[in-house]
Amino acid sequence: SSLFFFKIGRERFQIPYGEILYFEAQGRRVRLKMEEKEFLFYMKIREISRQVDNTLFVQCHVSYLVNMEQIQSISDRLVILKNGEQIPISKKYRQEVRSKHLDFVKWRCGK
């Protein structure tokens, strides 16, 4: 499915992947960041990583899962999003981010 599901209290939410900029772990909660708004809910980044479309999202840091559609550029230490936000890349994920993003761009251009 192309929707991400989560709950806040008794309320259920579903957000299209395309509208998600990134997920950020904040203690026991995760911040789902969108263009105009954000949500905080209880979940682990690991669980989210299993739930989302892995051709679209890449983990670039222990606390961040980024939507590759939103990436403008990648340097050694930062992912720059189209809206100018900067997301850290940790050494552990550097190679993976580069190769996954390259695959993503090829796949996007091949369409």
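**Charges and cysteines in a predicted model**

Trainee: How many disulfides are there by the rule?

Mentor: The count comes to 0 disulfides, a disulfide being a pair of cysteine sulfur atoms within 2.5 Å. The model is predicted: local features need pLDDT of at least 70 and side-chain atom pairs pLDDT 80 or more, while totals for chains, interfaces and linings use all residues. Residues are numbered from 1 along each chain as its sequence is written, and side-chain values use heavy atoms, without hydrogens and water.

Trainee: Why is cysteine 60 called buried?

Mentor: Buried means under 20% relative accessible area, exposed over 50%, and partly exposed in between (1.4 Å probe, protein chains only). Cysteine 60 has 0%, so cysteine 60 is buried.

Trainee: Why does cysteine 109 count as exposed?

Mentor: Its relative accessibility is 61%, so cysteine 109 counts as exposed.

Trainee: What makes arginine 31 and glutamate 24 a salt bridge?

Mentor: The rule asks for a side-chain nitrogen of Lys or Arg within 4 Å of a carboxyl oxygen of Asp or Glu. Here the closest N and O atoms are 2.7 Å apart, so the pair meets the definition. Arginine 31 also bridges glutamate 38, at 2.7 Å from N to O.

Trainee: Why is arginine 31 called buried?

Mentor: Its relative accessible area is 14%, so arginine 31 is buried. Glutamate 24, at 12%, counts as buried. Glutamate 38 has 42% and therefore counts as partly exposed.

Trainee: Which residue forms a salt bridge with glutamate 69?

Mentor: Arginine 108 does, with the closest N and O atoms 2.7 Å apart.
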